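I opened the coordinates to note how the chains are built and where they touch. My entries follow in the order in which I looked things up.

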Amino acid sequence: MSLGTSTEVGRAALQVTGLSRNFGSLRAVNNVSLRVEPGERRAIIGPNGAGKTTFFNLVSGAIPVSAGSIRLGNRDVTRLPDWRRVRLGLSRTFQRNNLFTSLPVFENVRLAVQRPQGVSYDLLRSARSHTGINDRVGEILEQVGLSARAKTVVANLSYGEQRQLEIALALATEPTILLLDEPTAGMSVAETGRMITLIERLPPGLTLLIVEHDMEVVFAIAQRITVLHLGQVLTEGEPAQIKGDPQVREVYFGEGEQ
Amino acid sequence: MSIEKAEQNKQVEAGSEGQGAGQRPLNTLWPGRGWLGWGVGLLALLALAVYPLLNGQDTFAVGLLTEMLIYGLFALSLNLLLGYTGLVSFGHASFFGLGAYSVGILATRVENNSFLVGIAASLLVGAVGALVLGFFSIRTSGIYFLMLTLAFSQMLYAIAFKWTDFTGGSNGLTVRTPELNLFGWTVDLGQTSGLYWVTLACFVIGFFVLRQVVQSPFGHSLVGIRDNESRLTALGYQTRNFKLLAFVIAGGLAGVAGALNAYHNGFVSANEFYWTTSGLVLVMVLLGGKGSLVGPVLGAFFVRLAEQFIQGQSWSLGSFVVSERWTMVLGLVFIVFVLVAPSGIVGLWLSLVGLVQRRRGRAEAGLLEAKGGESL
């Protein structure tokens with residue numbers, strides 16, 4: 001698939017233009033522009049402090065932008081709060097597990113499912129009687145491989161299982177664009193393998209943006225890669241191009257990866 | 001080691017309870033749920049309902065029971081905010097007072113009061129008051145939320161105390177209990193047992209309303225707010241609306257409790273709004289155990305009973321007369337609970353049941369080993 005040639009045709013899933021964010025005098029994200037096609041699998045890489053997570057926080061609406069604009073499809077979402085962007089189909093996972101830790105796995109996913117199904121304000125029926133919702137929760141747990149852990153309280157899950165649940169929550173909001181912030185961070189080799197399989201099996205229409213340190217994961221998943229360095233886009237291209245790019249080697253792989 | 005054991009037990013429990021059990025927030029699990037919980041609940045209700053028939057002459061005891069039920073309802077309403085939504089309100093007396101003054105002002109301005117109109121008015125005024133105060137309060141969180149709710153209730157206190165023409169000021173208002181006509185059947189609320197039964201009915205209705213709320217998808221959303229509000233926002237929830245609606249429900253029910261209290265005392269004073277009322281109900285919820293439906297009720301019953309018990313004693317240490325120092329005793333009890341049993345009476349009960357289950361689990365494990373563990 002050569003998605004790079006189709007940039008001028010059709011509507012982008014995500015279009016970021018001139019995005020900047022300052023923390024005091026630090027420009028964490030500096031004039032970043034980016035276009036992601038529907039269904040594309042895009043990785044964003046870069047050494048520590050490149051501004052990857054800040055970029056995700058800006059796109060998801062967790063923090064306000066200093067300059068620039070963000071479009072989802074044909075909608076400008078730059079000023080919309082995060083919960084509104086979720087409703088427009090933008091969902092994210094967190095680099096550090098961010099879950100409902102005192103609740104069981106099933107309940108975590110049910111909270112995520114019941115909102116897009118429009119029943120989160122329902123006062124008259126019990127949550128248990130919404131069998132449609134509960135079936136959907138079962139499907140999602142199946143999809144991420146947590147069915148056997150449905151009744152376990154999140155605090156008692158292994159770290160890897162909590163990462164899986166992060167994905168389950170994000171998927172349950174019925175996104176068209178999914179931002180994965182270091183999905184395999186801190187995982188064992190076996191867990192990482194399972195996570196790659198899980199991500200590869202996501203529906204092909206789902207647009208995926210992934211920040212990841214593990215290059216094996218990046219090359220296994222990404223169709224295109226954007227390299228950030230000191231808050232700016234260093235280069236962008238297909239995995240093979242990025243692998244061979246001397247600039248990238250210098251700033252990224254040069255820092256101890258090889 | 002003990003954590004592993006607990007985890008194992010949880011798995012065993014979940015396996016034997018079927019699909020539904022694990023889907024409930026664990027902290028709202030009352031071990032006596034199911035037929036045992038319903039049985040105990042029904043028995044308690046039956047005992048409360050027939051008590052005045054058996055011992056109707058003892059108006060003091062019936063009055064005490066009335067007060068326990070009123071504060072039980074009041075504590076239940078606060079618990080929706082404190083235990084389920086995680087909002088620590090230090091101004092819940094606002095709605096209790098608004099309910100009380102609703103029937104107080106009705107009693108002084110309107111001839112031929114109806115009890116049902118009084119209760120409906122207190123429900124409405126409590127809910128609308130909660131809508132207005134909640135609108136501002138939920139924009140803050142943590143200590144600022146606490147201070148703001150406290151400030152609002154103290155403002156209402158000042159208004160009630162100063163606006164003599166309308167509220168009776170420092171004299172308060174006298175409330176004559178109106179008649180209650182239900183389908184041609186008249187309940188004499190002037191009699192202690194009449195008001196008691198009506199209070200019991202209001203309490204039971206309030207209990208089941210809240211039970212419905214916390215088991216609904218909306219109630220689950222509230223628990224999500226308590227557990228991790230920012231994550232719920234990242235799932236597309238506009239959490240403010242949920243908190244506001246919780247506030248309105250809690251405010252309405254607190255208003256009803258306030259109205260019942262006014263009928264019970266035959267009197268309304270600015271003290272209903274005072275911060276000590278908010279503090280007392282907060283202590284009741286915490287002593288009983290927040291986050292369950294039974295906890296706040298037990299807390300309210302416990303505090304009211306203990307107060308009567310202590311004040312009936314003639315213990316003294318020199319010039320220190322214990323019965324005159326009830327709030328100090330309550331303070332000491334509270335400190336002990338916070339240090340030893342932070343989850344309140346319900347928490348104590350749960351750890352007791354957990355202990356028994358673990359012991360039984362161990363015994364069963366031993367039995368299985370003896371059999372060669374075949375059935376696992």
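I began with the contacts in chain A (two residues are in contact if their C-beta atoms, placed from the backbone, lie within 7 Å), and among those with a separation of 6 or more, 67% join residues 24 or more positions apart. I noted that this is a predicted model, in which local features need pLDDT of at least 70 and side-chain atom pairs count only at pLDDT 80 or more, while totals for chains, interfaces and linings use all residues. Residues are numbered from 1 along each chain as its sequence is written, chains are lettered from A and ligands numbered from 1 in the order in which they are written.

Next I looked up the overall dimensions: the C-alpha trace of chain A spans about 60 × 40 × 40 Å along its principal axes.

For secondary structure I counted DSSP runs (helices are H or I of at least four residues, strands E of at least two, numbered from the N terminus), and chain A has 9 helices and 10 strands. Strands E9 (residues 224–229) and E10 (residues 232–237) of chain A run antiparallel and are joined by 5 bridges, where pairing requires at least two DSSP bridges. A:Val227 has A:Thr235 in E10(A) as its bridge partner.

Lastly, I found 28 residues of chain B in contact with 37 residues of chain A; H9(B) gives the most to that side of chain B, with 11 residues.
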